[in-house]
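Hello,

My notes on it follow below; please read them with the coordinates open.

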Amino acid sequence: MSDYIPNTVRQRLSSEQGFTLIELVVVMMILGVLTAIAVPSYLAFGDRANKNAARADLRTAVASVEAWHSDHGTYAGMTVAALQSSYDGSLDPSVISLGTLSSTTYCVMATSPKDATQTAAKAGPSAPIVLGATCP
């Protein structure tokens with residue numbers, strides 16, 4: 001196998017010279033470029049994950065909210081603690097909050113557990129889930 005290694009490489013490997021300054025600078029530049037590409041991608045990935053966490057928590061809460069309305073005929077009087085104790089014990093009161101409640105409509109909001117700036121809200125039974133929205 002050593003017959004396939006060129007003489008210049010064999011001499012280089014057998015000597016104790018190490019790397020030149022230019023070779024080290026080139027490697028550092030390559031690592032810098034890779035880091036400049038990877039860090040923003042990683043940060044964007046974290047933001048998307050936090051948004052999706054808020055959206056998933058909100059979808060879980062909406063099922064409990066609708067179950068409350070089915071049982072009571074109104075959204076009024078509903079609390080996160082009541083939803084947690086009666087319908088879904090996994091609801092986290094530090095993540096889920098309720099806004100305006102009436103007999104026919106509601107507003108429920110979820111905040112990402114790892115980033116309080118990432119929220120999702122749903123303002124009523126027929127409203128869509130809106131990322132970045134809050135309840136009044």
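Contact is used here for heavy atoms within 4.5 Å of each other. The model is a predicted one.

By that definition, Thr119 touches Ala54, Met109, Ala110, Thr111, Val130, Leu131, Gly132, Ala133 and Thr134, with residues up to four places away in sequence left out. Thr119 lies in strand S3, which covers residues 119–122. Is Thr119 buried or exposed? Its relative accessibility is 7%, and the limit for buried is under 20%, so Thr119 counts as buried. A polar atom of the Thr119 side chain also lies 2.9 Å from the backbone oxygen of Ala133.

Now the chain as a whole. It has 3 helices and 4 strands, in the order α-α-α-β-β-β-β along the sequence. There are 136 residues, and 25% of them count as buried. The accessible surface comes to about 9,000 Å², with 63% of it belonging to carbon and sulfur atoms. Among contacts with a separation of 6 or more, 44% are between residues 24 or more positions apart.

Helix H2 runs over residues 21–72. H2 has 52 residues and reaches 76 Å from its first C-alpha to its last, close to the 76 Å expected at 1.5 Å a residue. After H2 comes Gly73, with a positive phi near 75°.

Which residues of H2 are buried? They are Asn50, Ala54, Leu58, Ala61, Val62, Ser64, Val65 and Trp68. An α-helix has 3.6 residues a turn, so residues three or four places apart point the same way. The cover over the buried residues of H2 includes H3, strand S1 (96–98), S2 and S3. Ala54, one of the buried residues of H2, is also among the residues that Thr119 touches.

The last item is the largest nonpolar core, which has 18 residues. Those with the most contacts inside this core are Leu58, Val65, Met78, Leu83, Ile96, Tyr106 and Val108. H2, helix H3 (80–86) and strand S2 (108–111) each supply at least two residues of the core, and the largest share, 6 residues, comes from H2. In soluble globular proteins, nonpolar side chains tend to be buried together. Val65 is in contact with Tyr75, Met78, Leu83 and Tyr106, leaving aside its neighbours within four places in sequence.

Regards

Technical notes:
Residues are numbered from 1 along each chain as its sequence is written. This is a predicted model: local features need pLDDT of at least 70, side-chain atom pairs count only at pLDDT 80 or more; totals for chains, interfaces and linings use all residues. Side-chain values use heavy atoms; hydrogens and water are left out. Buried means under 20% relative accessible area, exposed over 50%, partly exposed in between (1.4 Å probe, protein chains only). Accessible areas come from the Shrake-Rupley method with a 1.4 Å probe; for residues, only the protein chains shown count as cover. A nonpolar core is a set of buried Ala, Val, Leu, Ile, Met, Phe, Trp, Tyr and Cys residues joined through side-chain atoms within 4.5 Å. A polar contact is a pair of N or O atoms within 3.5 Å; within protein, one must be able to donate a hydrogen and the other to accept it, and residues adjacent in sequence count only if both atoms are side-chain atoms. The expected span of a helix is 1.5 Å times one less than its number of residues.
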